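Take a guided walk through this structure.

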Amino acid sequence: MAKDTRLEDAVMAGELSVFDFCCEKIEGQMERMKEKNPDLLWTLQIQYDMWHQVRDAHKNGKKLVFFGGPVPVDIIVAFDCVPVYLDTVPIRLSPNPTLTGKFIDSAEKYVPATTCGLCKTYLGTAIEEQYGVTPDAFVYSSVPCDSSRVVYPNMERIFNVPTFSFDQPFRRDDRGLEYLVDQNEQFVTWMEDFTGTKLDWDKMKETMTNANRTYELQGKCADLRKRKPCPLPGRMLVMNGTTNAMSCYPEMANLLEKELETGEMLSEMGMGPCPDGEKHRVALLQNMLWSFSGAMDWMEKEYGAVTVMDAFGYQHGELYEHMDDRHDCMKTIARKMQNSPMIHGAAGPTENYIYLVDKIFKDYEPDVSIFLGHIGCKHTWASAKIVTDMIQDRYGIPTLYLDVDGIDGRYKTHDEITGALGQYFETVVNK
Amino acid sequence: MDYQKLFKSEISGESVKAWKAQGKKALGVICCHVPVEILYALDIMPVRIRATGCTESPDGDAWMSTFSCSYARGMLQYVLDGTYDLDGIVTSDGCMMAARTFDNAEHVSKKANEGKFFYQIGAPRKTGALEQEFFVRELKDLIAELEKFSDNKLTDEKLKAAIANENEVRVLIQQVNALRNVKNPAISGEDALSIMLASTNCAVDEYIELLKAFLADAKNRTPITDKRARLMVIGSALDNPGYLKVIEDKGGLVVADDLCYGSKPFNHVMDVDDKDILGSIANYYLTRLVCPRMLDNRKAIQKEIVDTCKEYGIEGVIYEKMQYCECWGGESMYLEPDLKAIGVPMLIVEREEHLANAGQLAIRAEAFIEMIEK
Ligand code: SF4
Ligand code: SF4
């Protein structure tokens, strides 16, 4: 039966907005899941909640705050606004190269083709005026990278709505944190002006409590992956991106609770995602391959190789400790901003990246190292030799370098990717 | 005084050698948010690293991959292959490519136990009071480290003297640029860029004397009358005057630029508040319009380009983008319509550090100039 591409066609024709597409797509997926695999419905629920929350925000009387990079989402939520993490759009569209292609091509009229596919996709969506909802405010940060630093200010001008930007320092020390604390306080004042309400600390406590629950559970899920065999599939690592936007909502914690429960159960039964048992544990040194997350399933099936952790999504999960101490909370937020996915390893000096990757190798004991290098992420390519030399020196593991585009699936076919991975497993890992 | 040295654009270690022969230190500087005044005030010669003339960068490629811009790889190549003989490197966090040049250079040097000095300061990407305060703290740390390294003590007097020197350079370069803002300039864009590049590896006192000698002799130079279009070049770090020569050989005359190795760092003179010298330095380096690495200066940079077009009678803008340079990659969205509004066309060209595509540039520049003429 031919694939039903009506929704995709409508986006291509400019008749359906991206957020409508995301909503309708997830509704369809859930319908099918209800029939075929109702036990797994929970895996989709968070996406349903996230896309609908954005699409229906104005209907529900809420303000939409688009954001890029590490920003204090918890504060946005405490003001009862809906945060919209720009990265989730390209990640959601990336399995369909035609769709991302439309927006990427549009962006390339204004920014270099070498700009990150994530940035090109959300810029292109703005140029094509296809978000389907209008942001009420835009908040962004000076990290992670040159791509985002070029694209965010351009989007600021396209959106033309109240905007706040954060200057994130590369320092991870107390000075860097206090610098962010000061900016967070400025941000609170800005949000008060923008919403016309004062920050309600009880509401803030509520969001912080929710966020704590989310990150505690995320930490536990990450810990589960240390077990041998690793009970959770590689593709679930992709959820870490969603956490960024949704950590303050109980729905996120509910999903992670389910994930943890399932993982625990599988672990007790000695089971994991590899049908013939776990033979290898893979560390991805860069991004998840969003445009082809099936590559994770493929490695599990073909080589018994489960992806235990990726260096971009991995988080240490900062928790609030003293919720009545405003300064302490602001400092925790600052720490979260510095330790958020992609930022912690990629944005600063290479030593941050080394620290993170070393931690993955210590904690997860992978025996396969793959630098699935998203081509947009040039600055991680430029650190890769330092990092992979460290892995070779400390752990005796060579690394496969494979250039991919995590968003633009037109860059390499699935066959090319699995071909290169397969060759590596045959000639190096299983030699 | 013979000022021909100003036109030698290849990297020269001559000045550094003479400086070091006096028992003083010389440090490489990456990017342009490191206040060179501080280094000079501590008797350290700052040498802004560049990649001029780098045709192959095997070491740079190996460490940074070919997904990095060739300028950044070229700088690393020169640091690693001994083209530069320096006592270390100071950098601010400019574009990520330049940052990685520093990271890799430091890594290789430390691995080889060279005992060199490596230091990075954080330069904020916004220009508010909070950011300035942060930058001042970064500068204080830098000073403390440099004092240890140079065995020197910084005083207000030394700092003010160094600022006065740099301001003198800025004024002199502005005078060079004024020579270009006439109907028939006596200096080509190629020569002007060479003069500015000389600042990167020439000690400041010597550079001032060379500039003065050139300016005194400028009236004796023959005005250039055979060019067909007044052009401005903007874009990624360009440290190769040969690139402008290709354009000028096709009949254009580059009378203005917006380059971080060109006019940009000299366009503004530092105002000094004697009660807060470091604050003045921080304010100057964060607010001068050099590079779109800042988040909040885009509109101002674009406005300055448009204003320069009007002031210098520019007939066309050439926007050169280094491949893999995002920092300078995204200016066209709003700049192009702004230029259109004043009737100035823009040609966008991609380039690499070495002039591999000179033929293509020549063809496109020629077509652009012809289009302007019509
Ligand atoms: S994937 Fe890399 S290049 Fe893209 S936004 Fe993230 S850090 Fe920047
Ligand atoms: S373009 Fe900007 S970031 Fe890059 S070297 Fe020049 S000043 Fe530094």
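The side chains of A:Asp74 and A:Lys336 meet in a salt bridge, 3.9 Å from N to O. A salt bridge here is a side-chain nitrogen of Lys or Arg within 4 Å of a carboxyl oxygen of Asp or Glu. This is a predicted model: local features need pLDDT of at least 70, side-chain atom pairs count only at pLDDT 80 or more, and totals for chains, interfaces and linings use all residues. Residues are numbered from 1 along each chain as its sequence is written, chains are lettered from A and ligands numbered from 1 in the order in which they are written, and side-chain values use heavy atoms, with hydrogens and water left out.

Chain A is divided into domain 1 (2-169) and domain 2 (202-429). Such bounds come from an automatic or database domain assignment. The centres of domain 1 and domain 2 of chain A, taken over C-alpha atoms, are separated by 21 Å. Domain 1 of chain A brings 43 residues to the contact, and domain 2 of chain A brings 41 residues. Contact means heavy atoms within 4.5 Å.

How much area do domain 1 and domain 2 of chain A bury between them? The figure is about 3500 Å², with 69% of it on carbon and sulfur atoms. Buried area is the accessible area (1.4 Å probe) that two parts lose on being put together, summed over both. On the side of domain 1 of chain A, A:Trp42, A:Ile46 and A:Asp74 lose the most area to domain 2 of chain A. Together they account for 21% of what that side buries.

The rule finds 2 salt bridges across this interface of domain 1 and domain 2 of chain A. It also finds 7 residue pairs in polar contact, both residues at pLDDT 80 or more. A polar contact is a pair of N or O atoms within 3.5 Å; within protein, one must be able to donate a hydrogen and the other to accept it, and residues adjacent in sequence count only if both atoms are side-chain atoms.

Which elements of domain 1 of chain A touch domain 2 of chain A? Those giving two or more residues include helix 3 (42-55), helix 4 (73-78) and strand 2 (82-85) of chain A. Helices (H or I, at least four residues) and strands (E, at least two) are DSSP runs, numbered from the N terminus. Helix 3 of chain A gives the largest share of that side, 6 residues.

**Chain A meets chain B**

Now the second chain. In chain A, 47 residues are in contact with 44 residues of chain B. The two chains bury about 4100 Å² between them, and carbon and sulfur atoms give 59% of it. There are 5 salt bridges between chain A and chain B. A:Lys378 forms a salt bridge with B:Glu326, and the closest N and O atoms are 2.3 Å apart. The interface of chain A and chain B also has 21 residue pairs in polar contact, both at pLDDT 80 or more. Among the elements of chain A that each supply at least two residues to this side are helix 8 (146-159), helix 9 (174-195) and helix 17 (378-395).

**The sheets**

Chain A has an open sheet of 4 strands, in the order 2-1-3-4, with parallel pairing. Two strands pair if DSSP finds at least two bridges between them. Strand 2 and strand 4 of chain A are the edge strands, each pairing on one side only. Strand 3 and strand 4 of chain A pair in the parallel sense over 4 bridges. A:Ser141 stands opposite A:Phe166 in strand 4 of chain A.

Chain B has an open sheet of 4 strands, with the order 2-1-3-4 and parallel pairing. Strand 2 (44-48) and strand 4 (117-121) of chain B stand at the edges with a single partner strand each, so one side of each is left without a neighbour in the sheet. Strand 3 (residues 88-92) and strand 4 of chain B pair in the parallel sense over 5 bridges. There, B:Thr91 stands opposite B:Gln120 in strand 4 of chain B.

**Backbone details**

Back to chain A. The peptide bond from A:Val143 to A:Pro144 is cis, with omega near 20°. A:Pro144 sits in the loop between strand 3 and helix 8 of chain A. The bond from A:Lys228 to A:Pro229 is cis too, with omega near 0°.
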